[in-house]
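Hi everyone, thanks for coming. Please have a look at the model on the screen, and then I'll walk you through a few parts of it.

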Amino acid sequence: MNDTYLITQIELLLRLVVAGVCGFAIGYERKSRLKEAGVRTHMIVALGAALIMIVSKYGFVDVVQLKGYVLDPSRIAAQIVSGIGFLGAGMIFVRKQAINGLTTAAGVWTTAGVGMAIGAKLYFIGVSATVIVLLVQIILRHNFKWMPLPESEQIDIEFDKIADSIAFIQKKFASSKIDIINLSAEKNGNDSIHVELFVKLPQGYDPAQLMDLFKDNPHIKSIEY
């Protein structure tokens, strides 16, 4: 391995790292706004896009230089990316405000890029991308307690009396600096109402405190979060 090859591989690795950092920044901004696709998803998508771009640009140099061969290697990469998109979409499930499978779908998409890199003899960059994805998945798997991110919670409240129920909820949340992101109410029988809320909690707020927040209202039949 000569010095030129080593420098080239380090420069390609640097591109992956920079792409991951950019994805982290975008994901942090989305997560701070309580969007479902957060830090890990954006980092993996950015990393995968950079990896596939590198493969498209450098992975077929040995082929296009052969006499008698005329082809566009980038079209191959584009078709693989499109095909993997359908596979990833099948892993995403939506239930109310919760979306599951985004990170898994992004991981599958990036894994396709790793396979393309290895198949194009870009062993170093393919293995490096694998290690980075594993580190992202393992290290960033847990909650970001070291980062000033808000938390969200879905709450279901049932009142046995409709009058002033919404105003009561808004007043209580405002006093605790809890922002209501989404609210829906459904009238049940016998003058009762079911309220479903998606709220943004202050940093460090314990969701268990939500139970104490409404304990002084005798018209609340049940609270679920």
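Let's start with two helices: α2 (residues 39–58) and α6 (residues 123–139) pack at an angle of about 175°, and their axes lie 10 Å apart. That angle makes α2 roughly antiparallel to α6, a label for angles over 145 degrees. Axes here are lines fitted to C-alpha atoms, for helices over the stretch in contact, and angles run from 0 to 180 degrees between N-to-C directions. Helices (H or I, at least four residues) and strands (E, at least two) are DSSP runs, numbered from the N terminus.

Before going on, a word on the source: this is a predicted model, where local features need pLDDT of at least 70 and side-chain atom pairs count only at pLDDT 80 or more, while totals for chains, interfaces and linings use all residues. Residues are numbered from 1 along each chain as its sequence is written, and side-chain values use heavy atoms, with hydrogens and water left out.

Which residues of α2 and α6 make the contact? From α2 come Arg40, Met43, Ile44, Leu47 and Leu51, and from α6 come Ile125, Ala129, Ile132, Val133, Val136 and Gln137. Contact means heavy atoms within 4.5 Å. By class, this contact has nine nonpolar, one polar and one charged residues. Ala, Val, Leu, Ile, Met, Phe, Trp, Tyr, Cys and Pro count as nonpolar, Asp, Glu, Lys and Arg as charged, and the others, Gly among them, as polar.

Now to the sheet. Strands of a sheet pair through backbone hydrogen bonds, either parallel or antiparallel. Here, an open sheet of four strands runs in the order β4-β5-β3-β6, with antiparallel pairing. Its edge strands, β4 (179–187) and β6 (220–224), each pair on one side only. From one strand to the next, the twist averages 15°. Two strands pair if DSSP finds at least two bridges between them.

Let's go across, pair by pair. β4 and β5 (residues 193–201) are joined by eight bridges, and glutamate 186 has histidine 194 of β5 as its bridge partner. Between β3 and β5 there are nine bridges; isoleucine 157, for instance, is partnered with valine 195 in β5. Finally, four bridges join β3 to β6, with phenylalanine 159 partnered by isoleucine 220 of β6.

What packs on this sheet? Helix α7 (residues 165–175) does, touching β3 (151–159), β4, β5 and β6, and its direction makes about 15° with that of β5.

That's my tour of the helix pair and the sheet, so please ask away!

Note on methods
Parallel < 35°, antiparallel > 145°, perpendicular 65-115°, else oblique.
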